[in-house]
Amino acid sequence: MSSVTFDAASRTYVLRTPSTCYVLGLDDGDVPVHLHWGPELTVEQAVTLPREQAPPASSFDGRRAGEELVTEAGARFDPPSLQIAFPDGVRGVDWRHLGHTIDGGGLTVRFRDALHPFEVDLHYRVHPDSDAVERWTTLRTEVPVTVLRCDSAAWSVPALPGYRLSHAVGGWSAENGLRRVELAVGETVLTSRRGLSSHHANPWLMLDGGDATEEHGEVWSGALAWSGSWRVTVTHTPSGHATWTGGAGHEGLTWRLEPGEEWTTPVFSGVYAPDGFGGASRRWHEHVARHVLPVPDEPRPVLYNAWEAVGFEAAEDNQKELAALAARVGAELFVMDDAWFGGRTSDRAGLGDWWPNPARFPQGLTPLIDEVHRLGMRFGLWVEPEMVNPDSDLYRAHPDWVLHMPGRPRTLLRNQLVLNLARQDVADWAHKWLHKLVGEHGIDFLKWDCNRAFTEAGWPGGPDQDRLWIEHVRSVYSIMDRLRADHPHLRIEACAGGGGRTDLGIMSRTDQVWTSDNTDAHDRIAIQRGFSQIYPARAMAAWVTDSPNPLTRRRTPLAFRFHVAMAGALGLGGNLLEWSSAELDEAAALVAAYKDIRPVVQFGTQHRLEYGVQHTFGDRVVVLAWRGPVAHGAPLVPLRLRALDPLGRYRDEDTGRVHHGAVLMSSGLAPDLPRGDYASALVRLRKENP
Ligand code: GLA
């Protein structure tokens, strides 16, 4: 059970999740101090947690690390979470406790500044079915202030002899590269300044004492629900404390709040796990499924997308041909990608002109959509609403709609500019054509792309310049929310040149994320492993494409490509027109196998194995095993399965062989891998009735 308790005598707030506990309190100076984040404690135990500060060690020291939001006031020298400049030149917030509200699993602790009519609310939320603690901050002011930084939350972990930081780095077509490094003493900044959560860093982190493994050890983790620029600063003090503070916006952005204004940050959630990185990931997967994704329990359809097959040549004929083959192999959703609209025949023109290209779709989209429906599939469409090519009717009509700065060149990336969705007129335009497009054609699915980073992020003549970094993202959210409300059947895939916008913010209004433009199954293993640290399999779109892979030229067997993609929401993206009939038959069989294991993969619990992944759901266990290039003589250790019933018997649904749970967990399962490079296997086990 989750709960929030306040102990008035000690001014302690105790938040309990099903298996963890988070405690904060107020010290004598009303400062909200962090007291505990870890295993369960009773209220009686929690009130004894020490909170009073030892006097500073010298005149060069200040407060010990460990506040719920670090402000600039007084002797504080850690990176501030909250930097406020008042009109009289005073900086920071000097906490005065105003009270609190407890509402089910929600807690709001209210403060004001000692001097100014300026209020800060610290919000917390826990759920009965998730170990995540959700946190965010609200500001309210009666005087004009400049916000130099307003993080969602600051987090502290227990003092340990050393720390290790896990996080993800990468680039286009190389997202989610997992890094596990000793946490330097000093400040480590994880950030994006690109206007997107980014391919280069992903807004999550994990800390452990250097001793955690995949299934053992304590791990503290956080993930920010924000899809624009962000910053998380992890501090490891020379005295041995580790904290992080994080929120929306990169360093250097400032904006004003006017009297009467209220400012709410995105949610920054935290998960403590006593059972290793895998335990942390499974708690995140559960949390995302139960409290983030809008329609978590609907099986993600097997989709076909023709981007890699036709590129910028999309036209009614080739789409219909591909649709017929997609239906033949078992696709349930046909998605037409880029180049169906305006003068878009390459990436140099047409973005912004959202009507069917008359030469390619002489009777509009209806004949194709009708054909896709006749073939028994749903229909989806690619859109990129936040962008414009200068060579477009839209840009010729509204050159002022893009992010730009007077006198500066408008930097083109992929030959396009960013529309300023912080402008209400631009946001209204985007919503209007999307609403009409989806409504007129009964479109089931949008792949919402965003193919460049922000530059010259100015708004000449507009209000507060830097605010557009935040307001643009809020506008994207609000358009998606309105579309979903008006078209309840609509499902959305988030995409930004692959996985450049993978975060809990976008996941709260989309159904899946296009994980990467890199569809090479071998590279995908690492990309997917990084994705799985926080995000669940059902949200991880994974396509089977051609061999050699168009990006890497690597050749891999069809079964290997399938077995890797089957670990997520399976899709197909190859040029089916060039697949032999035998390949199409093999693909159809593998799609059918995926549909059989889909509930296990999409709704089960996930254990990452040494060279594969195990999904467990009810009495079913699915193991997907993949091996890359093999060195002669390299050992192939059996995969030790996890979390089975040691007394249970598990029948291999394909071979009929019966395994004992205890043996599968101790000696392991030796998957029957064919010889050679890029071998793979799918093993389906079902627990037999005792
Ligand atoms: C991005 C996406 C691709 C494809 C292209 C179309 O790169 O990630 O999947 O949609 O845009 O231009």
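Visitor: Let's start with a single side: is Glu 182 buried or exposed?
Guide: Here buried means under 20% relative accessible area, exposed over 50%, and partly exposed in between (1.4 Å probe, protein chains only). Glu 182 has a relative accessible area of 71%, so Glu 182 is exposed.

Visitor: Good. And what kind of model is this?
Guide: Residues are numbered from 1 along each chain as its sequence is written, and side-chain values use heavy atoms, with hydrogens and water left out. Local features need pLDDT of at least 70, side-chain atom pairs count only at pLDDT 80 or more, and totals for chains, interfaces and linings use all residues, the model being predicted.

Visitor: Back to Glu 182: which residues does it touch, not counting those up to four places away in sequence?
Guide: Glu 182 sits in strand S13, residues 177–182. Its C-alpha atom is separated by 6.1 Å from that of Leu 165, 17 residues apart along the chain. Taking contact as heavy atoms within 4.5 Å, the residues that Glu 182 touches are Tyr 163 and Arg 164.

Visitor: Which residue has a side chain joined to that of Thr 138 by a polar contact?
Guide: Thr 138 belongs to strand S9 (residues 130–141), and at a relative accessible area of 4% it is buried. Its contacts beyond four places in sequence include Glu 119, Trp 263 and Thr 264. A polar contact is a pair of N or O atoms within 3.5 Å; within protein, one must be able to donate a hydrogen and the other to accept it, and residues adjacent in sequence count only if both atoms are side-chain atoms. At 2.7 Å, the partner of Thr 138 is His 123.

Visitor: How many helices and strands are there in the protein chain?
Guide: Helices (H or I, at least four residues) and strands (E, at least two) are DSSP runs, numbered from the N terminus. For the protein chain, this comes to 13 helices and 37 strands.

Visitor: Which elements are among those covering the buried residues of H5?
Guide: Helix H5 covers residues 366–374, and its buried residues are Pro 367, Leu 368, Ile 369, Glu 371 and Val 372. Just after H5, Gly 376 takes a positive phi of about 90°. The cover over the buried residues of H5 includes strand S23 (333–336), strand S24 (378–383), helix H7 (424–441) and helix H4 (316–329).

Visitor: How far is the C-alpha atom of Val 329 from that of Asp 585?
Guide: Val 329 lies in helix H4 and counts as buried, at 2% relative accessibility. Beyond four places in sequence, its contacts include Leu 572, Leu 584 and Val 591. Asp 585 is 256 residues apart from Val 329 along the chain, yet the C-alpha separation is 7.1 Å.

Visitor: And how far apart are the C-alpha atoms of Leu 115 and Glu 653?
Guide: Leu 115 is found in the loop between strands S7 (106–113) and S8 (118–127), and counts as exposed at 59% relative accessibility. Glu 653 is 538 residues apart from Leu 115 along the chain, and their C-alpha atoms are separated by 70 Å.

Visitor: Last one: what is the radius of gyration of the protein chain?
Guide: The C-alpha trace spans about 75 × 70 × 45 Å along its principal axes, and 61% of the 690 residues count as buried. The radius is taken over C-alpha atoms, and the globule rule is 2.2 Å times the number of residues to the power 0.38. A compact globule of 690 residues would come near 26 Å, which agrees with the chain's own value of 26 Å.
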